[in-house]
Amino acid sequence: MKIFISGDSYLPLVGGAEVHVFELQKRLRALGHMVTLFVTNPEPAVEDVQYPVLRDAWSLKRAPAMFKRIWQHSADAELFHVHNPYRLGVLVGLVARLRRKPCIVTLHGLGLLDIPDNPWLYQQVHALYRALSLWCATHIISTSEDLAQVCQRYSSRAITLIPNGLDTHAFAEDQVTAST
């Protein structure tokens with residue numbers, strides 16, 4: 001399967017969603033899927049050498065050029081997978097809609113949750129990104145029950161719960177002992 005994955009945040013930044021997206025695309029490729037990964041973190045990571053990534057810095061002024069780049073690189077995509085209903089999710093979701101392809105949005109928190117003390121204008125833009133991303137989704141996955149409950153305020157779509165997992169091999173006793 002040809003899968004177009006996107007994320008507003010990615011390695012070398014380290015956090016739950018960044019590692020999730022890295023591991024997901026790595027494992028999908030290992031299963032033989034063709035993965036195109038597009039992120040708005042322009043800083044390269046050492047992992048990019050083995051697992052290529054299309055990177056672009058987010059800017060509202062650059063949104064039309066990013067849309068065009070996404071359109072070009074997703075020409076043969078059979079499935080779109082957006083991580084976070086946020087800025088990039090709007091562009092990727094619109095491309096998926098125009099191509100009449102399924103678009104999965106996975107909730108990690110970014111874009112779904114309001115940002116405290118954000119100025120009024122930014123709150124409105126944030127709400128627009130969230131609304132459009134979720135509107136473009138054909139499927140929604142939540143990594144927690146709490147995020148699923150929040151999402152239900154903004155979307156009437158069914159939400160599939162897939163809690164974040166743990167790679168027990170990465171934390172095997174012999175691995176921990178060897179590194180100490």
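Q: What covers the buried residues of H3?
A: Contact means heavy atoms within 4.5 Å. For the buried residues of H3, the cover includes strand S1 (2–7), S2, H2, S4, S5 and H4. Helices (H or I, at least four residues) and strands (E, at least two) are DSSP runs, numbered from the N terminus. The model is predicted: local features need pLDDT of at least 70 and side-chain atom pairs 80 or more, while totals for chains, interfaces and linings use all residues. Residues are numbered from 1 along each chain as its sequence is written, and side-chain values use heavy atoms, leaving out hydrogens and water.

Q: Which residues of H3 are buried?
A: Buried means under 20% relative accessible area, exposed over 50%, partly exposed in between (1.4 Å probe, protein chains only). In H3 the buried residues are Leu88, Gly89, Val90, Leu91, Val92, Gly93, Val95, Ala96 and Arg99. Just after H3, Arg100 has a positive phi of about 60°.

Q: Which residues touch the most other members of the largest nonpolar core?
A: Such a core joins buried Ala, Val, Leu, Ile, Met, Phe, Trp, Tyr and Cys residues through side-chain atoms within 4.5 Å. Here the largest has 28 residues, and Phe4, Phe38, Ile70, Phe80, Val92 and Leu107 touch the most other members. H3 contributes six residues to this core, the most of any element.

Q: Is Thr40 buried or exposed?
A: Thr40 counts as buried because its relative accessibility is 7%. Thr40 lies in the loop between strand S2 (34–39) and strand S3 (54–55). Beyond four places in sequence, its contacts include Arg87 and Leu88.
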